[in-house]
Amino acid sequence: FAAQRHVLTYMEDAVSQLLENREDISQYGIARFFTEYFNSVRQGTHILFREFSFVQATPHNRASFLRTFWRCFRTVGKNGGKYCSICCYLLTAQEYHCLLQLLCPDFPMELTQKAARIVLMDDAMDCLMSFSDFLFAFQIQFYYSEFLESVAAIYQDLLAGKNPNTVIVPTSSSGQHRQRQPPNDCNPLEGVEASLFYQCLESLCDRSKYSCPPSALVKEMLSSVQRMTFYGFLMALAKDQGINRALGALPDKGDLFLDPAMDQELEKLVAQVSGLSVSGPASSSADTANMPVRNSPRINSPWKPLHHRRKMDAESEGSNEETDSSEN
């Protein structure tokens with residue numbers, strides 16, 4: 001159970017965070033730190049603003065990152081779906097990458113580009129994409145990254161007429177730099193025989209130590225066609241709601257822009273900000289009308305993990321110094 005849930009990974013990270021912030025933690029105790037750390041792991045907020053190596057370290061971390069990305073930026077897709085005919089809310093791969101970097105500063109551009117290729121079928125990478133198309137493609141690419149690298153190698157062997165008798169299982173680092181384009185001397189539009197492709201994928205799923213889509217769903221997908229291209233297979237994975245439900249990070253496409261819990265939290269924050277910005281007594285309203293506008297104090301996010309507070313406190317102190325100097 002400990003290995004399946006990657007308990008050691010989180011224990012090592014918790015101890016590392018404890019040693020890094022021991023001065024601050026000593027003020028409220030180690031027990032409280034571990035309680036808040038593992039609460040953040042359970043809630044999925046522990047991956048916020050962390051390095052990419054940690055974000056991709058476990059399936060739970062990857063699912064948490066996907067869920068956080070959706071909850072933070074779903075309004076981009078919501079506005080795009082409503083106003084795309086008159087306003088350009090569709091984004092390029094580079095713009096989606098900027099959003100990803102807001103949550104994970106060192107998120108690799110290559111993963112974003114690979115997700116975009118699933119949507120664009122390897123067309124021009126500067127084309128615009130809707131939020132929903134990119135999100136579901138990104139989910140497949142990010143969560144099943146190692147699996148897809150092995151699939152790419154198998155597909156290329158089948159295109160070349162080889163019979164893959166070994167399962168290629170790349171490491172996380174090697175998988176990020178592997179080119180997945182089919183060989184130039186073969187026509188990728190013809191694809192490969194779907195039944196043979198599935199036999200290879202079934203063997204891959206049985207032997208791979210990394211996350212793989214459910215074999216039954218992959219079989220159902222490939223049994224409905226005679227031949228399958230590589231990017232056609234990736235697009236089918238991205239669109240399959242059964243695979244999306246099995247992964248469990250995102251809602252169904254029809255509910256993609258519904259998140260009552262987050263909406264309620266946002267309403268609370270807006271109410272707090274509005275309450276702080278209310279002016280004083282009515283008698284002084286005339287005098288304050290001509291006063292310069294002052295920014296409202298920062299409100300700490302209620303879902304910020306404990307081990308990030310030191311960084312936020314340092315930023316707050318810097319912002320206060322700038323405000324004081326501007327007033328002088």
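**Salt bridges and a nonpolar core**

Okay, let's start with R50 and D13: their side chains form a salt bridge, N to O at 2.6 Å, where the term takes a Lys or Arg side-chain nitrogen within 4 Å of an Asp or Glu carboxyl oxygen. R50 sits in the loop between α3 (30-43) and α4 (52-55), while D13 is in helix α1, so the pair ties together parts 37 residues apart in sequence. Helices here are DSSP runs of H or I, at least four residues, numbered from the N terminus. Both partners are buried, meaning under 20% relative accessible area, with exposed over 50% and partly exposed in between (1.4 Å probe, protein chains only).

Quick housekeeping: this is a predicted model, so local features need pLDDT of at least 70 and side-chain atom pairs 80 or more, while totals for chains, interfaces and linings use all residues. Residues are numbered from 1 along each chain as its sequence is written, and side-chain values use heavy atoms, without hydrogens or water.

The whole structure has seven salt bridges. Another one is R245 with D252, at 3.2 Å, N to O. R245 counts as exposed at 52%, and D252 as partly exposed at 25%. Back at R50, shared partners join D13, R50 and E51 into one network.

Now the largest nonpolar core: of its 76 residues, F65, F197 and F233 touch the most other members. A core is buried Ala, Val, Leu, Ile, Met, Phe, Trp, Tyr and Cys joined through side-chain atoms within 4.5 Å. Helix α8 (residues 131-143) gives the most, nine residues.

Notes:
Helix = DSSP H or I, 4+ residues; strand = E, 2+ residues; numbered from the N terminus.
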